[in-house]
Each structure stands twice: as C-alpha cells, then as structure tokens.
Amino acid sequence: MNSNVKTHVANAIKKGFRLDGRKNDEFRKISFEVGSIFTAEGSAKIIAGESELLVGVKLTAGTPFPDTPDDGVLMVNCELRPLASPHFEEGPPSIDSIETSRVIDRGIRESGSLDTKSLCIKKGELVWMVQVDIVPLNADGNLIDLGAIASLAALRVTRFPKLENGKVVFGELTDEKLKLSEFPIPVTVHKIGNNLIVDPTEAEEQASDARITITTLDDKRVCAMQKGGDQPFSEEELKKALDLAFSKAKDLRAQIAAL
Amino acid sequence: MTKRHDGRSNLDVRKLQAKAGVIKKADGSAYFKIGNTAAYAAVYGPRELHPKFMQNPRTGILRCSYNMLPFSTTERNRPGPSRRSKELSLVTQKALLPVVDLSEYPNAVVDVFIELSETDAGSRCAGICAAAIALADAGITMKDLVPAVSVGLINNELVVDLDGEEEHMNENETPDVPIAMIPSTGEYTLLQMDGIMTKDQVLEALTLVKPALQEILKVQKQALKDRFSEGEQK
C-alpha cells in the first residue's frame, strides 16, 4: 500500500470524512446470495461495497474425537487466495488467513449456537462434521466480519445430505436443516488516530492503528474477542467499541434472520 | 444416436454463462460457467516477478494457477496444492501461452489465478475459458481467445462436454479428451486424454469438437462486449 494513500485516509478521517462518504459507524450495504453452489450442502455469497466473499459448507459423517465421543465437529477455514487481492500470495496459509479463520471459528464455536450434541449420529462412532470454508473473491476490507456473517448465512441454509449405512450420499439433500440457536456477530472496530470506525475498506485497514473484533450474541453477551494492530486501546475506547459492536450487530443479525 | 441422460444431443454443450470484470481488485477477471461447473479467473500483471532468477529479460512470463475450492466437489477437497492441481496449472498455462504476447514486458509476470467454485466435470476446460476472457479483460495483447471443452466416448459414441454423471459411467472409465483451440488458426493448445479410443475416434474427436468450441467462443466474446459496453449504457 502506498504510504501516501495511508496518510490520505488517516487525514480524511481526522477531518471527519471517509473516502466513500460513509459515517464512521456505518457499514456498507450488504447483499447475500444463498444456496447457489451446487456441490455444497450450504453456501452464501456476501457482497459489501467491493468486498465479496464466498462461503461453502460441507457436511460429512466421520469418527468423533475420542475425548468428545458424542459431539459433532465444526471446522472453520478461511483461505486468502491470490485471486482476490494483489496482496495475497500462493503458498501455505498466511498468518492473516489463519487469524481470520480462528477469530471466525471462535465466535461460532464459543457462542454454542451450533449444538454439537445434536450432530451425534452414533456415540463414539459416527458424528456429523461441519466444514465451513470461506474464500474472498474480491478483498476490499473487513474480511473477518463479512466472512463470519456469510458463514452464518451459509450455515442457516445448510441442509443435511442423505445418509445410507453410515455413508453420505452426496448430491441428495434431505429437508432437515442445520440448526443455529443464535447468531454470533463479530464487529471489528478500527482505531484511526482518535476515531473509531467500522467496516473498513482495504485502504482504511492499511491506515488503521489498532482493531478489536467483538463477537456478540442477541442479549448483550460477548462470546469472543480479538485485539489486533500495532497500537493499544484506552479503556474509554474499548467501552465505545463495545457499544458499537452491540449496536451494529443488531442490524446485521436481523439481516441474517431475514434470509 | 441415443439421447444423453440430460436430453442433450451428442454435439451439445451444457448451458453456458460468462461474465467479464467480476473481480475488481484484479487487472482482469472473468466468471465462466458450463452446466454446474463454474470457474473464476483473475489476472494480475504485468507485474514484477519474484523470485528474480525466474525473470526473463526477453519477455514477460505467464504463470497460471488452477485450484478447486474446498466446497467445489462432492467430498470436501482438502485445501493446498496437489499433484493434480499442479499438472492442470501447467497444461492451462500451455493452453493459453500461444495466444498471448508478453514480449513488451521483459522481466515481468502475468499471473492467472483460477478458482473452481463448483464442479461437475470439465473443470480444466472451464478454467481455461474463464482465464482467456480474464486475460483479454486485463488488456493483455492476444491474437485470439481460447475456448476449451472435452470430448468423451460413451457406448462407443463420441459426445461433447461430459458432465459428472457421464464421466463416472463405465466404472469411471469413460474416455475423456479435453481440447482447447485457437479458433482463428485452428491449432490445438490443449490435448489430453485418459481411457481408450481408436485412432479414428481420436481424429474424429478433433473435428467434431469444433462447433462446440465456436459456441463457447461466441459466449466468451459476448462477455467481453458486455463488459466494455457497460459504460455506454450507464
């Protein structure tokens, strides 16, 4: 990223402007396309401004972990493929893709919104494995929030495949849907100078001094957090970030619930 | 001639869909869908090539990467490179190389990244079709587009554009010949095969595929026309 662009973004925000004209606490308009991937048991494409991500959910039946014999398995994986940005490279997963995967995974897992006990087919022998794969198609910022929201959208429309003698019959979906009891929504708040903004573009992320991802549930509970960026947050800033995370999550949650 | 399971005749390709300029961060991009097989392609470059020892002072180089997304197959496809994806990246590069002119960009690279979002056979050909549109969208000097499609042999009859069900007939031994062509010269840039055919069948396949390739070419061209007339409409 050109350092002039960074300064430009930071200066504009200092003066109370964002380059695309949004308010500091304003998300880009989000649109979804669900269930369009023929080979996935559940899928969602999310578009917010120029950020576009694809999420596919695969359901397979497999052996549970020995220490949790009656729990299904959730796996969340984000890959920053070089298709989506000139800054992404081919090769083993970058630290950014690992952090994105883990923060999204933690939000869904710790919320308990996916009841892993209900994914047990036969204790100690066979459980459902839910594999969520997140792939940005065009990376223009806020991949954690958008990836998580798209994952929830994809999980919400996921249907179980037919099971025959303990084996999945791929391509034959039943009417039974995967159940999510709640929608854990992450909102990442970025600090640029003395301002807090949400849903940054890639340029804004480059100008960011610090960020905090706060994943919240319906009733004022927090289920996961992650602080990133080089600079620290003050207590006052964290209070504001929490308020922002709760209020923004509310709108986003309603959008997913409406799908 | 018996009808195929989806009602197509032997020479019919599946439903085609193509769009250029779908990935804004890229210098050129495209989406190409044939039946239930869909490919995204993004082109970045010409840009500086690292590692430096790969640079060619006489010309820019073309680098292609073919990848299936984890949810693009019936059973989840484990992320990461495989021998298969590396080979398909190679043959994709060789299929496209003859039509691009990178002589004006010494030491540089043009990267083509192909991601399959859903597959139902014919993914390397779909990838090549998408990549050709994306390269043109990126403004790379090209002498032609490259359409690609496969020809298979079912019940001793040659059929164009196998789908997954057809590919898995005869205990997965349906002979399959993926073909790419430079339409203006009639030259072949991709030719692979698995399974067994007679010499005459191979020669027939090379000819019989042409109308299908023309049809794909038309769709590729239309995608580019739509892309560049967008401005006028708005």
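Of the 234 residues of chain B, 50% count as buried, a residue being buried if 20 or more other C-beta atoms lie within 10 Å of its own, exposed if 12 or fewer, and partly exposed in between, with C-beta atoms placed from the backbone. The structure is a predicted model, in which local features need pLDDT of at least 70, side-chain atom pairs count only at pLDDT 80 or more, and totals for chains, interfaces and linings use all residues. Residues are numbered from 1 along each chain as its sequence is written, while chains are lettered from A and ligands numbered from 1 in the order in which they are written.

Chain B contains 6 helices and 9 strands; helices (H or I, at least four residues) and strands (E, at least two) are DSSP runs, numbered from the N terminus. Its C-alpha atoms fill a box of roughly 50 × 45 × 35 Å along the principal axes. Among contacts in chain B between residues at least 6 apart in sequence, 71% join residues at least 24 apart, a contact being two residues whose C-beta atoms, placed from the backbone, lie within 7 Å.

Turning to the partner chain, 28 residues of chain A are in contact with 24 residues of chain B. On the side of chain B that touches chain A, two or more residues come from each of strand 3, strand 4 and strand 5 (108–118). Strand 5 of chain B gives the most, with 4 residues.

The backbone also holds a few points worth a look. Most residues other than glycine have a negative phi, and most peptide bonds are trans. In chain B, the peptide bond from B:Gly45 to B:Pro46 is cis, with omega near 5°, and B:Pro46 lies in strand 3 (residues 37–48). Another cis bond runs from B:His50 to B:Pro51, with omega near -5°; B:Pro51 sits in the loop between strand 3 and strand 4 (61–68).

Positive phi values occur at A:Asp199, near 50°, and at B:Asn156, about 65°. A:Asp199 is in the loop between strand 10 (195–198) and helix 4 (202–206) of chain A, and is buried, with 26 other C-beta atoms within 10 Å. B:Asn156 occupies the loop between strand 6 (148–154) and strand 7 (157–160) of chain B, and is exposed, with 8 other C-beta atoms within 10 Å.
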